[in-house]
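Biologist: Can you walk me through this one? Keep it short.
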Amino acid sequence: MDNMQKSKRSRTVIQILCTLSLFLLFAICSLLLISISASNYKGLLGDNNDNFNANTSLRYVSTKLHSYDMTNGINIETISGVKCISLTQSSENEIYNTLIYYHNGYLYELYASKDFDFQPGNGEKLMKVNNFSFDILNNNAIALHADNARSEKISTVVYLRCAKPEEVR
């Protein structure tokens, strides 16, 4: 009988060890899966944020262009070596410009009088973008381009009704 009890006890210990080892294997696999999922989620959030900034910059400038769509309201100027969208507005017998430009990884906006001494970096930092550029198209339109997180170019074209944009040097 003693051998039989030892045999039962050893089977019980082996069964418990097998159960615990399966539980430990399950716990390790679960932690590994959670770790991989968290890493992928962080990557997706980062890309999503960069894509959001690129798309938002295009939408913001597009809205600004539409709001200044009037005769002599929109020009492209190169000032101090920086290519700017110049949005002109008259107020109380003075002419004011809103300059939108890309400099050192940021999209800037500067609202100032026409004779303001512009220096790159002046104005309000709107948002961080990888790259931002714009071109005048022949059909009374301006093409806006921004790069997303993977340096893929995202573009939009703004068609103007009244303004006839010109590139001023």
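Modeller: A term to start with: two strands pair if DSSP finds at least two bridges between them. Helices (H or I, at least four residues) and strands (E, at least two) are DSSP runs, numbered from the N terminus. On that basis, E2 and strand E3 (residues 94-103) run antiparallel and are joined by eight bridges.

Biologist: What sort of model, and what numbering?
Modeller: This is a predicted model: local features need pLDDT of at least 70, side-chain atom pairs count only at pLDDT 80 or more, and totals for chains, interfaces and linings use all residues. Residues are numbered from 1 along each chain as its sequence is written, and side-chain values use heavy atoms, with hydrogens and water left out.

Biologist: New topic. In what order do the strands of the three-stranded open sheet come?
Modeller: E6-E7-E8, with antiparallel pairing. Strand E6 (132-137) and strand E8 (153-159) are the edges, each pairing on one side only.

Biologist: Over how many bridges do E7 and E8 pair?
Modeller: Seven, in the antiparallel sense; E7 covers residues 141-147. His145 stands opposite Ser155 in E8.

Biologist: What about the largest nonpolar core?
Modeller: A nonpolar core is a set of buried Ala, Val, Leu, Ile, Met, Phe, Trp, Tyr and Cys residues joined through side-chain atoms within 4.5 Å. Buried means under 20% relative accessible area (1.4 Å probe, protein chains only). The largest has 22 residues, and Val61, Leu65, Ile74, Ile85, Phe132, Ile142 and Leu144 touch the most other members. Helix H1 (2-67), strand E1 (74-79), strand E2 (82-91), E6, E7 and E8 each give two or more residues.

Biologist: Which element gives the largest share?
Modeller: H1, with four residues.

Biologist: What lies apart from that core?
Modeller: Another core, of eight residues, including Val82, Cys84, Leu110 and Ala112.

Biologist: Last one. What percentage of the protein chain is buried?
Modeller: Of its 169 residues, 31% count as buried.

Methods
Buried means under 20% relative accessible area, exposed over 50%, partly exposed in between (1.4 Å probe, protein chains only).
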